[in-house]
Amino acid sequence: MTAPTTAARKGGRWIEQWDPEDETFWREKGERIATRNLVFSILSEHIGFSIWSLWSVMVLFMGPEYGVDAAGKFFLVAMPTLVGGILRVPYTFAVARFGGRNWTIISAATLLVPAITAAAVMEPGTSYTTFMVVAALTGVGGGNFASSMTNINSFYPLRKKGWALGLNAGGGNIGVPVIQLIGLLVIGTAGAAHPRLVLAVYLPLIVVAAALSALFMDNLAPVRNDSGAAKEAARDAHTWIMSLLYIGTFGSFIGYSFAFGLVLQNQFDRTPLQAASLTFIGPLLGSLIRPVGGRLADAHGGAKITLWTFAAMAAATLVVVYASAQKSLPVFLVGFIALFVLSGLGNGATFKMIPGIFQAKALARGLKGEEAASYGRRLSGAAMGLIGAVGALGGLGINLVFRESFASAHSGTPAFVSFLAFYAVCSAVTWAVYLRGARPASAPPAAEPDTRDPRPERQPAYADV
């Protein structure tokens with residue numbers, strides 16, 4: 001990729017020429033630059049995820065003196081997922097508009113707003129409306145994922161993207177259990193009356209992340225918005241089908257991450273310290289296993305792994321329903337942590353399906369070789385931003401369902417029954433769309449299509465996605 005030098009871009013660490021597919025360029029210069037940008041992207045995204053999940057920790061500090069009931073707390077932790085999901089769409093395109101380095105500085109520094117405002121309002125007597133507004137501000141941390149992934153995607157050659165994006169995503173996701181561990185440390189040492197200590201840890205980290213991004217990251221001038229690809233991806237039914245499946249995997253991961261501590265407090269009467277000592281386990285395991293899901297998808301096909309993951313999530317949900325009804329905390333923990341692990345596994349497998357789907361569509365249109373690969377990369381890249389945004393909204397749905405469940409039945413059991421039904425729907429959709437009667441995508445076509453006609457002449461085969 002090349003781009004002319006422009007006066008407007010001088011002085012801001014802009015790289016005017018970037019060709020990672022050139023092995024000589026990559027070996028001599030590109031890999032070193034890309035690795036440096038990846039390291040500081042992970043740092044910024046990691047802190048972004050921590051701030052996004054801040055209120056899953058803050059609600060553990062909110063005792064009876066705050067005057068917020070269980071339903072109100074579930075609504076508080078739902079607001080960041082709503083705002084974060086919406087922001088992922090503009091954040092996806094901000095990299096090309098402002099530059100990857102520049103936007104990382106901006107997005108990292110913006111995290112100061114929800115952190116400072118949370119520190120200002122975290123005390124009894126603050127109105128519930130104020131808490132809601134401040135919780136919504138933490139949604140900016142959710143948007144960081146989309147811009148960070150878009151930026152790193154541009155730095156790496158195709159043969160390295162899976163590893164780089166997996167590392168970037170996993171390093172970000174671990175921000176959820178890390179802030180929960182810090183919350184546990186504060187509650188265990190200083191007590192539940194000192195929530196501002198958590199923010200005292202993160203305020204300097206945010207400043208450090210923004211400063212290091214300014215010092216060591218780069219902008220890629222050749223990166224440009226492709227609004228045509230976004231519009232074409234939005235018109236494709238598979239974008240929305242995969243969004244549904246991603247709600248079931250990533251939406252479950254982020255929704256359960258935010259709700260776990262509250263469920264333990266309200267379902268099993270755990271104290272804030274007891275809840276905090278358990279909440280980090282599920283998100284940590286779910287984050288670490290995400291690359292395994294991608295590796296299994298590489299070996300056996302993303303659709304197959306996704307189907308089996310949803311089936312296993314349904315089984316784990318049955319365990320949780322039983323434990324919830326029997327009020328058995330040990331059995332509940334086994335089932336709920338299994339849901340975290342399976343959702344992380346499904347994250348890797350489901351996201352791995354997206355490039356394969358659009359590659360299969362390219363072949364079905366009669367495209368071949370590099371032309372087919374280019375079409376698949378273009379459409380899958382645009383689709384990933386939309387799918388990631390919709391998937392994040394699954395976390396909102398989970399917390400709203402928990403809110404209604406505890407408000408009406410004073411138990412999480414009805415919520416888990418509804419999740420069980422949703423996983424059954426996801427299993428059926430995966431099988432019906434991507435596996436039922438599918439022949440391997442590598443199989444020879446039944447007839448040679450007319451490459452001048454853009455309409456597909458045969459149903460694309462998704463058995464290998």
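What share of the 465 residues in the chain is buried? Buried residues make up 56% of them. Keep in mind that this is a predicted model.

Start with the overall fold. The chain has 19 helices and 2 strands. Take the contacts with a separation of 6 or more: 82% of them join residues 24 or more positions apart. The accessible surface of the chain is about 18500 Å². Carbon and sulfur atoms account for 65% of that surface.

The largest nonpolar core has 126 residues. Trp55, Phe332 and Phe402 have the most contacts within this core. Helix H12, residues 237-268, supplies the largest share of the core, with 14 residues.

Now go to helix H12, where Ser243 is found. Is Ser243 buried or exposed? Its relative accessibility is 2%. The cut-off for buried is under 20%, so Ser243 counts as buried. What does Ser243 meet there, beyond its neighbours within four places in sequence? Ser243 is in contact with Leu386, Ile387 and Val390.

Technical notes
Residues are numbered from 1 along each chain as its sequence is written. This is a predicted model: local features need pLDDT of at least 70, side-chain atom pairs count only at pLDDT 80 or more; totals for chains, interfaces and linings use all residues. Side-chain values use heavy atoms; hydrogens and water are left out. A nonpolar core is a set of buried Ala, Val, Leu, Ile, Met, Phe, Trp, Tyr and Cys residues joined through side-chain atoms within 4.5 Å. Buried means under 20% relative accessible area, exposed over 50%, partly exposed in between (1.4 Å probe, protein chains only). Helices (H or I, at least four residues) and strands (E, at least two) are DSSP runs, numbered from the N terminus. Contact means heavy atoms within 4.5 Å. Accessible areas come from the Shrake-Rupley method with a 1.4 Å probe; for residues, only the protein chains shown count as cover.
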